[in-house]
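Okay, thanks for coming, everyone. I'd like to walk you through some strands and a few rings today, so let me put the model up.

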Amino acid sequence: MRELREGLWWWEARHPEWTAEDDAAGRDWGPEVSSYAVDDGERLLLIDPTMPPSPLLERAADRETIILLTDTWHERDARRIVDTVGAQVFAPPPDGEGRMDAQRFEPGDRLPFGVRVFPGREVPLDVVFWIEGARAAAFGDTLIDRGHGLELVDSWLPEGMTRQRVIDGLQPLLALPVEHALPTHGPPTDRAALERALT
(Lines give C-alpha, C1' and ligand atoms only; values in the text may rest on other atoms or scores of the structure.)
Protein backbone atom coordinates (compact mmCIF):
# COMPACT_ATOMS: atom_id res chain seq x y z
CA MET A 1 0.00 0.00 0.00
CA ARG A 2 1.28 3.48 -0.84
CA GLU A 3 -0.04 6.87 0.25
CA LEU A 4 -0.21 9.09 -2.83
CA ARG A 5 -1.12 12.20 -0.86
CA GLU A 6 -2.61 12.73 2.58
CA GLY A 7 -5.79 10.67 2.71
CA LEU A 8 -5.34 8.91 -0.67
CA TRP A 9 -3.95 5.36 -0.88
CA TRP A 10 -3.25 2.83 -3.62
CA TRP A 11 -2.73 -0.90 -3.37
CA GLU A 12 -2.42 -3.64 -5.95
CA ALA A 13 -3.56 -7.26 -5.63
CA ARG A 14 -4.41 -10.26 -7.75
CA HIS A 15 -7.99 -10.15 -9.03
CA PRO A 16 -9.99 -12.52 -6.79
CA GLU A 17 -11.56 -14.31 -9.77
CA TRP A 18 -8.43 -14.66 -11.93
CA THR A 19 -7.88 -18.26 -13.02
CA ALA A 20 -5.31 -20.39 -14.82
CA GLU A 21 -7.65 -20.23 -17.83
CA ASP A 22 -7.27 -16.44 -17.80
CA ASP A 23 -3.49 -16.90 -17.87
CA ALA A 24 -3.80 -19.29 -20.81
CA ALA A 25 -6.20 -17.00 -22.68
CA GLY A 26 -3.56 -14.27 -22.97
CA ARG A 27 -5.90 -11.53 -21.86
CA ASP A 28 -4.79 -7.96 -22.58
CA TRP A 29 -4.91 -7.14 -18.87
CA GLY A 30 -3.07 -9.02 -16.19
CA PRO A 31 -4.13 -10.58 -12.90
CA GLU A 32 -2.95 -7.59 -10.81
CA VAL A 33 -5.54 -4.84 -10.38
CA SER A 34 -5.38 -1.51 -8.58
CA SER A 35 -7.66 -0.27 -5.81
CA TYR A 36 -7.80 3.08 -4.06
CA ALA A 37 -9.01 4.54 -0.76
CA VAL A 38 -9.87 8.13 0.07
CA ASP A 39 -10.36 9.29 3.68
CA ASP A 40 -12.17 12.62 3.97
CA GLY A 41 -12.18 12.58 7.78
CA GLU A 42 -15.74 11.25 8.02
CA ARG A 43 -15.90 8.64 5.29
CA LEU A 44 -13.59 6.10 3.76
CA LEU A 45 -14.23 5.68 0.04
CA LEU A 46 -12.96 2.41 -1.46
CA ILE A 47 -12.74 2.43 -5.26
CA ASP A 48 -13.03 -0.92 -7.12
CA PRO A 49 -11.49 -2.58 -4.08
CA THR A 50 -9.81 -5.86 -3.56
CA MET A 51 -9.60 -6.60 0.18
CA PRO A 52 -7.88 -3.54 1.69
CA PRO A 53 -4.66 -3.87 3.71
CA SER A 54 -5.10 -4.09 7.50
CA PRO A 55 -4.39 -0.38 8.21
CA LEU A 56 -7.30 0.61 5.96
CA LEU A 57 -9.62 -1.98 7.49
CA GLU A 58 -8.76 -0.54 10.91
CA ARG A 59 -9.51 2.96 9.61
CA ALA A 60 -12.83 1.73 8.22
CA ALA A 61 -13.91 0.85 11.77
CA ASP A 62 -13.93 4.60 12.59
CA ARG A 63 -15.47 5.82 9.34
CA GLU A 64 -18.60 5.48 7.28
CA THR A 65 -17.24 3.17 4.60
CA ILE A 66 -18.46 3.45 1.01
CA ILE A 67 -17.49 1.21 -1.90
CA LEU A 68 -17.57 2.93 -5.29
CA LEU A 69 -17.55 0.74 -8.39
CA THR A 70 -16.46 2.31 -11.68
CA ASP A 71 -17.96 -0.65 -13.57
CA THR A 72 -20.93 -2.77 -12.73
CA TRP A 73 -18.65 -5.83 -13.11
CA HIS A 74 -15.80 -4.53 -10.87
CA GLU A 75 -17.21 -6.08 -7.69
CA ARG A 76 -13.87 -7.78 -6.93
CA ASP A 77 -13.88 -8.22 -3.11
CA ALA A 78 -16.82 -5.87 -2.48
CA ARG A 79 -19.03 -8.56 -0.95
CA ARG A 80 -16.32 -9.62 1.49
CA ILE A 81 -15.69 -6.00 2.46
CA VAL A 82 -19.41 -5.40 3.07
CA ASP A 83 -19.46 -8.46 5.32
CA THR A 84 -16.30 -7.32 7.13
CA VAL A 85 -16.96 -3.61 7.73
CA GLY A 86 -20.61 -3.07 6.78
CA ALA A 87 -19.87 -0.77 3.83
CA GLN A 88 -22.48 0.77 1.54
CA VAL A 89 -22.01 0.08 -2.19
CA PHE A 90 -22.58 2.59 -4.99
CA ALA A 91 -22.44 1.21 -8.54
CA PRO A 92 -23.59 1.82 -12.12
CA PRO A 93 -26.73 0.01 -13.28
CA PRO A 94 -26.39 -3.79 -13.35
CA ASP A 95 -25.78 -5.50 -16.71
CA GLY A 96 -27.62 -8.70 -15.83
CA GLU A 97 -28.45 -11.13 -13.09
CA GLY A 98 -26.32 -11.78 -10.02
CA ARG A 99 -24.99 -8.30 -9.36
CA MET A 100 -24.87 -7.22 -5.75
CA ASP A 101 -27.30 -4.82 -4.13
CA ALA A 102 -26.10 -1.25 -4.49
CA GLN A 103 -27.25 2.33 -4.68
CA ARG A 104 -27.23 3.05 -8.41
CA PHE A 105 -26.02 6.12 -10.25
CA GLU A 106 -25.48 7.24 -13.84
CA PRO A 107 -23.16 9.66 -15.65
CA GLY A 108 -23.97 13.24 -14.73
CA ASP A 109 -24.85 12.39 -11.14
CA ARG A 110 -23.22 14.08 -8.15
CA LEU A 111 -22.92 11.70 -5.24
CA PRO A 112 -23.41 13.08 -1.72
CA PHE A 113 -19.77 12.70 -0.70
CA GLY A 114 -17.92 14.92 -3.17
CA VAL A 115 -17.86 12.60 -6.20
CA ARG A 116 -19.06 13.47 -9.72
CA VAL A 117 -19.81 10.76 -12.26
CA PHE A 118 -18.62 11.12 -15.87
CA PRO A 119 -19.42 8.83 -18.82
CA GLY A 120 -16.90 6.12 -19.61
CA ARG A 121 -16.40 3.84 -22.58
CA GLU A 122 -19.63 1.85 -22.11
CA VAL A 123 -22.43 4.13 -20.95
CA PRO A 124 -23.97 3.67 -18.41
CA LEU A 125 -22.13 0.54 -17.20
CA ASP A 126 -18.62 2.00 -17.07
CA VAL A 127 -17.96 5.44 -15.56
CA VAL A 128 -15.22 7.78 -14.42
CA PHE A 129 -15.20 9.46 -11.01
CA TRP A 130 -14.00 12.94 -10.15
CA ILE A 131 -13.17 12.81 -6.43
CA GLU A 132 -12.97 16.44 -5.49
CA GLY A 133 -11.34 16.14 -2.07
CA ALA A 134 -8.52 13.98 -3.44
CA ARG A 135 -8.15 16.03 -6.64
CA ALA A 136 -8.30 12.71 -8.44
CA ALA A 137 -10.04 11.05 -11.38
CA ALA A 138 -10.62 7.28 -11.13
CA PHE A 139 -11.07 5.05 -14.18
CA GLY A 140 -12.37 1.51 -14.44
CA ASP A 141 -12.04 0.11 -17.95
CA THR A 142 -12.15 3.44 -19.80
CA LEU A 143 -8.47 4.34 -19.40
CA ILE A 144 -5.96 1.68 -18.40
CA ASP A 145 -2.19 1.25 -18.27
CA ARG A 146 -0.78 -1.96 -19.77
CA GLY A 147 2.80 -0.80 -19.31
CA HIS A 148 2.80 1.90 -22.00
CA GLY A 149 1.10 4.73 -20.14
CA LEU A 150 -2.56 5.60 -19.69
CA GLU A 151 -4.58 4.69 -22.78
CA LEU A 152 -8.04 4.19 -24.21
CA VAL A 153 -8.02 0.67 -25.68
CA ASP A 154 -9.92 0.58 -28.97
CA SER A 155 -10.59 -3.17 -28.73
CA TRP A 156 -12.44 -2.58 -25.42
CA LEU A 157 -14.94 -0.19 -27.00
CA PRO A 158 -18.44 -1.67 -27.32
CA GLU A 159 -20.22 -1.78 -30.65
CA GLY A 160 -21.45 1.67 -31.64
CA MET A 161 -19.04 3.57 -29.35
CA THR A 162 -16.24 5.57 -30.92
CA ARG A 163 -12.93 6.64 -29.49
CA GLN A 164 -13.77 10.30 -30.14
CA ARG A 165 -17.09 10.05 -28.33
CA VAL A 166 -15.37 8.71 -25.20
CA ILE A 167 -12.70 11.42 -25.38
CA ASP A 168 -15.33 14.13 -25.86
CA GLY A 169 -17.21 12.87 -22.80
CA LEU A 170 -14.04 13.11 -20.69
CA GLN A 171 -12.84 16.52 -21.89
CA PRO A 172 -14.63 18.31 -19.00
CA LEU A 173 -12.22 16.53 -16.63
CA LEU A 174 -9.43 18.68 -18.03
CA ALA A 175 -11.20 21.80 -16.75
CA LEU A 176 -10.94 20.40 -13.21
CA PRO A 177 -7.85 20.55 -10.96
CA VAL A 178 -6.97 16.87 -11.50
CA GLU A 179 -3.64 15.98 -9.90
CA HIS A 180 -3.99 12.19 -9.74
CA ALA A 181 -5.21 9.80 -12.45
CA LEU A 182 -6.23 6.50 -10.88
CA PRO A 183 -6.69 3.59 -13.30
CA THR A 184 -7.91 0.35 -11.78
CA HIS A 185 -5.89 -1.54 -14.39
CA GLY A 186 -2.38 -0.18 -13.92
CA PRO A 187 -0.59 2.07 -11.44
CA PRO A 188 -1.67 5.58 -10.46
CA THR A 189 -0.32 8.43 -12.52
CA ASP A 190 -0.73 12.18 -12.98
CA ARG A 191 -2.53 14.89 -14.89
CA ALA A 192 0.01 14.91 -17.71
CA ALA A 193 -0.74 11.24 -18.42
CA LEU A 194 -4.47 12.00 -18.50
CA GLU A 195 -3.94 14.88 -20.90
CA ARG A 196 -1.88 12.64 -23.22
CA ALA A 197 -4.56 9.93 -23.14
CA LEU A 198 -7.28 12.42 -24.11
CA THR A 199 -5.46 13.96 -27.07
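I'll start with the ground rules, then go through the strands, and end on the aromatic pairs.

So, this is a predicted model, where local features need pLDDT of at least 70, side-chain atom pairs count only at pLDDT 80 or more, and totals for chains, interfaces and linings use all residues. Residues are numbered from 1 along each chain as its sequence is written, and side-chain values use heavy atoms, with hydrogens and water left out.

A word on terms. Helices (H or I, at least four residues) and strands (E, at least two) are DSSP runs numbered from the N terminus, and two strands pair if DSSP finds at least two bridges between them.

Let's look at strand β5, residues 64-68. Four of its five residues are buried, and buried here means under 20% relative accessible area, with exposed over 50% and partly exposed in between, using a 1.4 Å probe and protein chains only. On one hand, β5 runs parallel to strand β4 (residues 43-47), with five bridges joining them; L44 has T65 as its bridge partner in β5. To get from β4 to β5, the chain goes through helix α2, residues 54-60, in a right-handed β-α-β crossover. Right-handed means that, with the strands pointing away from the viewer, the path from the first strand over the helix to the second runs clockwise.

β5 also pairs with β6, again in the parallel sense, over three bridges, and I66 has Q88 as its bridge partner in β6. Helix α3 (residues 78-85) sits in that unit with β5 and β6, and the unit is right-handed too.

Next, the open sheet. Six strands come in the order β8-β9-β10-β11-β14-β15, with mixed pairing. β8 (110-111) and β15 (189-190) are at the edges with a single partner strand each, so one side of each has no neighbour in the sheet. β8 pairs with β9 (residues 115-119) antiparallel, over two bridges, and R110 has R116 as its bridge partner in β9.

Now the rings. Phe, Tyr and Trp (its six-membered ring) pair if their centres lie within 6.5 Å; planes under 30 degrees apart are stacked, over 60 edge-to-face, the rest tilted. That rule gives two aromatic pairs. F90 and F113 are edge-to-face, 5.0 Å centre to centre with 85° between the planes. F90 is in β6 (residues 88-91) and F113 in the loop between β8 and β9, 23 residues apart.

And F105 with F129? Also edge-to-face, at 5.6 Å and 65°, and both are buried.
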